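Here are my notes for a first look. Please keep the structure open while you read.

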Amino acid sequence: MGKQARFILAAFIATATLLALAPALLFPRSTPINSSYGTTVLRLAFAGDILTHQEQIDAAYNAEDGSYDFSGCFREIGPLLETVDLAFCDLEVVLAGEETGYTGYPCFNAPESLAAALKEAGFDLVSTVNNHCMDRGEAGVYRTLDHLEEAGLLSFGTYRSRVERDTPLLVTVKGIKMAFLGYTYCTNGIPLPEGRLYIVNMLEEAVILADLAKARQSADLVILYLHWGNEYQRFPSAEQSEMAERFLSAGADMVIGSHPHVVQPVEFFKIVDGKKMLEKPVAYSLGNFISDQRMPFTDTGIILFVDIVSDPATTRLAPGEVSFIPTWVHKHYHQGRLQYRVIPIPQALEKYRQGKDPSLDMGSYEQLQGILRETSEHLQFLPLYQDHAGR
């Protein structure tokens, strides 16, 4: 069979496979989950773990001037992030400076140019609270916050002072105030400095409930990020589900999770809010956004898109349409140099079919088809993101 015939056959199989999937995959809901709510007023995007293993750091190095350039890693994602009002990711490395050495696992310290690359890609804010946030100690926490601020990125979850920690991060977009709270289950055994435990938000239920109550007083929406769960497990624990429901009932509008390094399902909880029954989403794990991990399912992740909708009768805001785009970390060689890039899978498939991406071959094309199909099934046919959905 010739190359052209093989391509036509592969395209036919892909089309038949997608048609066999649930209608929700091909025809995403155009109305919010909370059907009693009205117009979409805001669109948010959430991406998973940003990790830089040693091979990634080496690949970003420019020997001519000694700089590190990560911009190519996220170039394919930029057009997607341009369609949203606010974009988030989990920065699971510290930016402590070259003097302590740039290293990957097990104690991460990435070149500070990573922050500028994330900003250039379209990210607006990052969580800095995770099990690696103390990898360069207390000084590393502070240096990371400084470099993010210099790059124009907002952050939350780790802090320089008690006042910072006790003041929820409020982000106002289109007149809507959003509070972002973040917590981690551990710091990999690295102790917090005595008398300054506030520099890292730990996952303690009583503290979170108190923070939620405070944030609700000043925010229209409260987004809760939790670094939790069991690594490489594709489903959350019963304890996580119970915890999420308590936090949603206490005032969180959604829970965004990370840490397992694989994608876990998105669940919707029915929460009574006054006289209304709301469906609030919990994304237990968004998987890896970028890393050098190559264990099963660790080279893929999702970007979760959440429309925020308004109730014209009460002016209440709530999560509406929830959709996703699966992503893949493409590790390849270009002009003799190792490259890493995050690619959105549906768009990458279309580019390959049009002959616009010479870096992908037939094997990668078939692999991406399988990831798209499997991820959709794993997420119980959560709809694929469409820029016009819910607008």
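1. Surface. The protein exposes about 16,300 Å², and 54% of that comes from carbon and sulfur atoms. Accessible areas are Shrake-Rupley values with a 1.4 Å probe; for residues, only the protein chains shown count as cover.

2. Ground rules. This is a predicted model: local features need pLDDT of at least 70, side-chain atom pairs count only at pLDDT 80 or more, and totals for chains, interfaces and linings use all residues. Residues are numbered from 1 along each chain as its sequence is written, and side-chain values use heavy atoms, without hydrogens or water.

3. Overall make-up. The protein has 12 helices and 16 strands. These are DSSP runs numbered from the N terminus: helices are H or I with at least four residues, strands E with at least two. Of the 391 residues, 56% are buried (under 20% relative accessible area, 1.4 Å probe, protein chains only).

4. Strand S11 (residues 266–273) pairs with S12 in the antiparallel sense over 8 bridges. Pairing requires at least two DSSP bridges between the strands. S11 and S12 form a hairpin with 2 residues between them. Gly 274, in the turn, has a positive phi of about 65°. Asp 273 stands opposite Lys 276 in S12. Strand S10 (residues 254–258) runs parallel to S12 (residues 276–283), joined by 2 bridges. Val 255 stands opposite Val 282 in S12.

5. Helix H11. Which residues are buried in H11? In this helix (residues 345–353), Ile 345, Ala 348, Leu 349 and Tyr 352 are buried. They lie on the same side of H11 because they cover an arc of only 100° around the axis, taken from the directions from the helix axis to the C-beta atoms. Gly 355 follows H11, with a positive phi near 70°.

Terms used
Buried means under 20% relative accessible area, exposed over 50%, partly exposed in between (1.4 Å probe, protein chains only).
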